[in-house]
Amino acid sequence: MDKLNKYLILAAQIVSIIFTPWYLPLLGFVLLLTFSYLNVLPWQFKLMMIGLVYLFTVLMPYWSVYVYRRVNGWTRHEMSQKERRIVPYVLSIMCYAALLYIMQTFHMPSFTIAVIAGALAVQIACALVNLWIKVSTHAAAIGGILGSLMAFSLVFAFDPTRWLCLTILVAGVVCTSRMILRQHTLTELGLGLLIGVMCGWGAVGFL
């Protein structure tokens, strides 16, 4: 039984790393460039955009939060405490806002801007809610994918059933892994999903 629990915890840790909130905007961006009309853009332009998104939504937030955690001498678990999550939220919001400004300045396609705007909205909403109650950014990020997918299905008029089923399955796995690791309660996960769906839907719907 102990060995089974060990593997279960290891699997939950791997899932949490793979589906970290920082990677999901990049995933959404790649899917949009691959499966929408934006796939006709030159591959050099798409690579440049993917690199730019990676820099501002993964690399810069990760290293800034990592340095902040190391300076304070906190473990990942200690960092997850509600009162210690404010600065990481602010750092991520600054990176996402900078990317959104750059994309708008260079008049990038509106639906690529929508992906980043939705991710930024998720970060801001989670930061505000975190002032009162801890909320899962993992759940919010996958919820943002769900909301964006539903909104994009209306914009591009395609059947999202299979993609929705896959995303819902992934959301269940991610949320379960966060509970196994005792990082969040069911309420915190549900609230995160709700925030993500609303922000993802709203970001696409308002463009």
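Which residues of H8 are buried? I looked them up and found Leu-164, Thr-167, Val-170, Ala-171, Val-174, Cys-175, Ser-177 and Arg-178. Buried here is under 20% relative accessible area and exposed is over 50%, with a 1.4 Å probe and protein chains only. Helices are DSSP runs (H or I, at least four residues), numbered from the N terminus.

A note on the source: this is a predicted model, where local features need pLDDT of at least 70, side-chain atom pairs count only at pLDDT 80 or more, and totals for chains, interfaces and linings use all residues. Residues are numbered from 1 along each chain as its sequence is written, and side-chain values use heavy atoms, with hydrogens and water left out.

**Helix H8.** I then checked the face turned away from the buried side and found the exposed Arg-162, Ile-168 and Leu-169. The buried residues pack against H1 (2-18), H7 and H9 (186-205), with contact meaning heavy atoms within 4.5 Å.

**Helix H7.** I went to this partner next. Of its 19 residues, 15 are buried, so H7 is largely enclosed by the rest of the structure. At its N-terminal end I found Ser-136 as the cap, with a side-chain oxygen 3.4 Å from the backbone nitrogen of His-138. H7 is followed by Ala-157, whose phi is positive, near 55 degrees.

Key:
Helix = DSSP H or I, 4+ residues; strand = E, 2+ residues; numbered from the N terminus. Polar contact = N/O pair within 3.5 Å; in protein donor to acceptor, adjacent residues only side chain to side chain.
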